[in-house]
Amino acid sequence: MSAAGVALMLGGAGILLGVTAAPAQAAEVSYKTECIPPSISGLPPVEGTTQVEITAPAEAKVGDEVTITWKFVQAASKNPDVIDLEKDTVKPTGTLKAGGAQTADIAMEGPRSNPAIPKNSAMKLSDMTGKLKLTAAGDVTLTPDAYNINVSKPVSTDTKCSPKETVKSAATIKVTGSGGSSGGTTGGLPTVTPTLPTGLPTSLPTGSASPSASASETGGTGGSDTGGSTGGDNGGQTDFTGKEVSVPYACKTPIGDKSATSPVQINATKNGGSFDLTVQFKKSVMDSPADIPADSVKPSMEVVLGGSDKGTVHVEGPTNAKEIKSGDPIEIPDLTGTYKPGASGSSTLSPGVLTVKALGTTTTCTPTKTEVSLTLDTTQQASGASGGDSSGTSSSGGLAETGSDSHGSLKALGLVAGTVILLGGAVFTFMPHRRLR
């Protein structure tokens, strides 16, 4: 087979050959950039200039998947005068924006490959690559955007860099239609409008409530509503769902005071004369800036009793089963324990003092304001909780504010790496736990 025939066959399979396809182009662009060092460094933001070279095919066809290279001619920030960075400890990732005939955010990633970088010297970042599937004919522009620099030692940290001005496009790919005609912005794949079969319902039937919605409506609000009662007039009900309440926390951490607000829900299941409690943290997603080993994060709480009963009930969760990588969310699992009533009547349950132990450090969070999540009709049991006999310490306050807006986060981790002590970097994330009844 001739060389031209081989090139034609491979081109039809979506493979671009450097000999037969349009040559690659490389173009540079510079832009003002602000880089935010990791919080554990205590360093202020740094402003500098990022200089990038983007390499991409000059021409391609609709349907092709092209590889794009981002080369750092100059990073905006230097390695600060803190610690020498070892060989192969720095990894860049970033976003390249496609515009024009096709818009997309292209994920770019480079290997953890770098020479040793002394203190107070220029950062040496590996080339990043990414792929773009071309879907429309016309000119597709490529513009560098934000990027992240991860350093794995002595502890995993991230420096986040973002443009502080409008960035000019660095390269343009001329995309033709799959049939070979020269493309304008209106070219590309044909539009297919599906036809749905007739006779399908356009809405859900009315008259049936969502189980999750009806369960949440039974939760107590400030002790005025009941999440369920244990008396015979409830028809033998055994499961009681509390109301999700927003709890402000004040936390004492190894590096000082922190604050956040987290949604919390207390549920109960009747077990004889006692109740098995489950405390859930919800609607919060934040990432950990440091690698955390398995079996190193242990949460617990003292649920505050009110109404007819007094004292607290200790609940706790398991340690993390797997290692948590930097940038991944940390899940606070369900906290469980047993409530043995110490009084008969209507008893309320509210989130109380939260304790998180991690890597030899302890963070204690106290509510600055309490709100009832669940109200139960109780019958006094021998050696019950009334008077504070339950495990844990009674709390007159509420939990403390530890996060951002409505996100529950507990910033409290002391990390020791060699001779460098880096405190207060990890963020404990409350992840939602969804249950089906």
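**Disulfides and burial**

Reply: A disulfide joins Cys251 to Cys365, with an S to S distance of 1.8 Å. This is a predicted model, in which local features need pLDDT of at least 70 and side-chain atom pairs count only at pLDDT 80 or more, while totals for chains, interfaces and linings use all residues. Residues are numbered from 1 along each chain as its sequence is written, and side-chain values use heavy atoms, with hydrogens and water left out.

Me: What makes the link between Cys35 and Cys161 a disulfide?

Reply: A disulfide is a pair of cysteine sulfur atoms within 2.5 Å. The sulfur atoms of Cys35 and Cys161 are 2.1 Å apart, so the pair is a disulfide. Cys35 lies in strand E1 (residues 24-36) and Cys161 in strand E11 (residues 157-163), 126 residues apart; strands (E, at least two residues) are DSSP runs, numbered from the N terminus.

Me: Why is the disulfide of Cys251 and Cys365 called right-handed?

Reply: The torsion about its S-S bond is about 115°, and the disulfide is therefore right-handed. This pair also links distant parts of the chain, with Cys251 in strand E14 (residues 245-253) and Cys365 in strand E22 (residues 361-367).

Me: How do you know whether Cys251 is buried or exposed?

Reply: Buried means under 20% relative accessible area, exposed over 50%, and partly exposed in between (1.4 Å probe, protein chains only). Cys251 has 2% relative accessibility, so Cys251 counts as buried.

Me: Why is Cys35 called buried?

Reply: Cys35 has a relative accessible area of 1%, and is therefore buried.

Notes
Helices (H or I, at least four residues) and strands (E, at least two) are DSSP runs, numbered from the N terminus.
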